[in-house]
Amino acid sequence: MLAASVARERGLALHVFHVHHGLHAQADEWAHIASCLAERLGLPFVQTRVTVDTSDGRGIEAAARVARYAALADMARAAGVRHILLGHHQDDQVETVLLRLLRGAGLDGVGGMAAQSRLDGIDYLRPWLTVPRSRIQEYLREYGPALAPGYVAVSDPSNLDTRYARGALRGDVLPAIERTWPGYRSTLERFARLATESAEVLREVAAADLQAVRERVPPYDDCLRVSALLGLSEARQILVLRLWLAEHGLTMPSEARLLELQRQLQRAARDRQIVLQHEAVHVRRFRDWLVIDRAGDRPGDRSGEDGGAAADAAGIVWTGGTDIRIDSHGGTLQFLSAAQGIDPEWLRGGPLSIAWRRGRERLKVGPATPSRSLKNLYQERGIPSWERERLPLVYRGDILIYAAGLGIDARVPQTEPGIRLNWVADRPGATVVS
């Protein structure tokens, strides 16, 4: 009602959006009251019904919040609206701060709700975060009948339902706190403001530290120099890791997982592989760099450095085309023209097979060099062990003719011009292969 009055004074367009969650028996009644209020105020009214999905285990309150903001964004975009006013007040802020404290949030979390935030291209404004609920209720009682005749404010019964964390705070915990500390709202609201300021300072420190330790290392792109990272204090190392992961669009790992990654970096030898699996990526150490690996595990069965099961694609016949799709290995084998390469007639003379490494394979990379183990060749090429597991081998009969990432065997019959083989993975890793 107050927003409608201000909008009329300033000539601003105002819309009323209502999200129907369908979670309470009174939901239809609340939607009708909201519609009537908009009509009394002479404002356009839009309603969206949502389905609250709790299948991911995050709880009904969190699931309803996600559905609500998605619906608000959809209605805003359809109406050409860029700013949404929310009714969160000081009591909501206090509850949010306490809930986050009890759930173990850091300074970023306990800062509470921001007065202005952006989500999915929409700016959300919370002008009442310093205003207590009681003052808003007093305003409604005094001025509501004049601004919107017949309007009666409603109360959500779940607000005091102790089955929910926020309901337990409102019904049991906060009344007990108020009896001893009647000014707790202002105190916690001030704490939230100071926590937000402190978190901003820490973000600035983390950004400066990240800039100092990150490196663009082709072909691995955005990496952290481990030796430089370990030169920071332990607390600043954690800040850098959090910011780095966030800049790659990843949610924060638990504190325990971050501390484990930090512990491995501090204690492990330089050449030891370190892995932290998080969401769909792996955080790995390669030499003195920390790398984000998004390619995941290779298709088919896995095999280790020195043996194990391998999924093979056998009976492949090249008939002169430029590429052959290999679904079992998740990629395409290309047959490219080259100034010198494999004799095309010899290549057509028998079926080919694609296999993963089993261990102890050897390749002769030049006519004047002896055959050497693939492991040593990959190490010299700077291809880390996790990338080697994704690079298939091409055989004709029992003869290894091509190793992805290294090239063809020099003993294979060659001509000028000839054929150069090239492996293109569906989900390439950081390594640039031959």
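Q: In this predicted model, which residue in the turn of the hairpin formed by strand 8 and strand 9 has a positive phi?
A: Strand 8 (residues 275-278) and strand 9 (residues 281-286) run antiparallel and are joined by four bridges. The hairpin that they form leaves two residues between the strands, and the turn residue with a positive phi, of about 55°, is E279.

Q: Which residue of strand 9 is the bridge partner of L276?
A: In a regular strand the side chains alternate between the two faces of the sheet. Strand 8 has an uncovered face, V275 and Q277, and a covered one, H278 and L276. Across the pairing with strand 9, the bridge partner of L276 is V283.

Q: What is the angle between the planes of F286 and W386?
A: The structure holds four aromatic pairs. In one of them, F286 and W386 are 6.2 Å apart, centre to centre, in an edge-to-face arrangement. Because F286 lies in strand 9 and W386 in helix 14 (residues 385-388), this pair ties together parts that are 100 residues apart in sequence. Both F286 and W386 are buried, and the angle between their planes is 90°.

Q: Which residue forms one aromatic cluster together with F286 and W386?
A: F286 is buried, as is W386. The cluster that contains these two aromatic residues also takes in W289.

Q: How far apart are the end C-alpha atoms of helix 8?
A: Helix 8 (residues 184-213) has 30 residues, so at 1.5 Å a residue the helix should span 44 Å. Its buried residues include Y184, L188, A192, A195 and A199.

How values were computed: Residues are numbered from 1 along each chain as its sequence is written. This is a predicted model: local features need pLDDT of at least 70, side-chain atom pairs count only at pLDDT 80 or more; totals for chains, interfaces and linings use all residues. Side-chain values use heavy atoms; hydrogens and water are left out. The expected span of a helix is 1.5 Å times one less than its number of residues. Buried means under 20% relative accessible area, exposed over 50%, partly exposed in between (1.4 Å probe, protein chains only). Two strands pair if DSSP finds at least two bridges between them. Rings of Phe, Tyr and Trp (its six-membered ring) pair if their centres lie within 6.5 Å; planes under 30 degrees apart count as stacked, over 60 as edge-to-face and the rest as tilted.
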